[in-house]
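Reader: I would like to go through the labels used for this model and the cut-offs behind them.

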Amino acid sequence: MERFTLQTKYKDMIELTPTIKDLVAHSGIETGLCIVSCTHTTASLCITSFWDPKGHEDIQDELAKLIPNRLDFRHEDSLTDASGHIKSALVGTTLNIVIEGGKLLLGHSQGIFFAEFDGPRPREYFVKLIKES
């Protein structure tokens, strides 16, 4: 398992695809599974298009409309922390991506992204590659 670190900004969407593709390519695994995991409660992982960064802004904006920062949350750490917990729970913190032919099985415009709902702060994510037996 590999551990990676990154520094986020508030409402950030950071592409992880090149790093993870490189890890898969150097693993020698032809068929298997790539598990990407985020160990934070106010951040998530998602697969979405990498073509237009404005689409990432749309994702963050729509999530903010659905789960706005509010004073009446029972969780009182901070406004962005409380709403970030809900966003993280909805979007998810783990991705399972098939490895086939030594490559991640992603669509031609799909990328893997780390979504920050709180921050800015240092974050980490983990990648586990499993070879099909």
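Reader: What makes Glu116 and Arg123 a salt bridge, and are the two residues buried or exposed?
Author: Both Glu116 and Arg123 are buried, where buried means under 20% relative accessible area, exposed over 50% and partly exposed in between, with a 1.4 Å probe and protein chains only. Their closest N and O atoms are 2.7 Å apart. A salt bridge needs a side-chain nitrogen of Lys or Arg within 4 Å of a carboxyl oxygen of Asp or Glu, so the pair qualifies.

Reader: What kind of model is this, and how are residues numbered?
Author: This is a predicted model, in which local features need pLDDT of at least 70 and side-chain atom pairs count only at pLDDT 80 or more, while totals for chains, interfaces and linings use all residues. Residues are numbered from 1 along each chain as its sequence is written, and side-chain values use heavy atoms, with hydrogens and water left out.

Reader: What makes Lys11 and Asp61 partly exposed?
Author: Lys11 is at 30% relative accessibility, so partly exposed is the label; Asp61, with 34%, is partly exposed too. Their side chains meet in a salt bridge at 3.3 Å, N to O. The pair links distant parts of the chain, 50 residues apart.

Reader: How many salt bridges does the structure hold?
Author: It holds 5.

Technical notes: Helix = DSSP H or I, 4+ residues; strand = E, 2+ residues; numbered from the N terminus.
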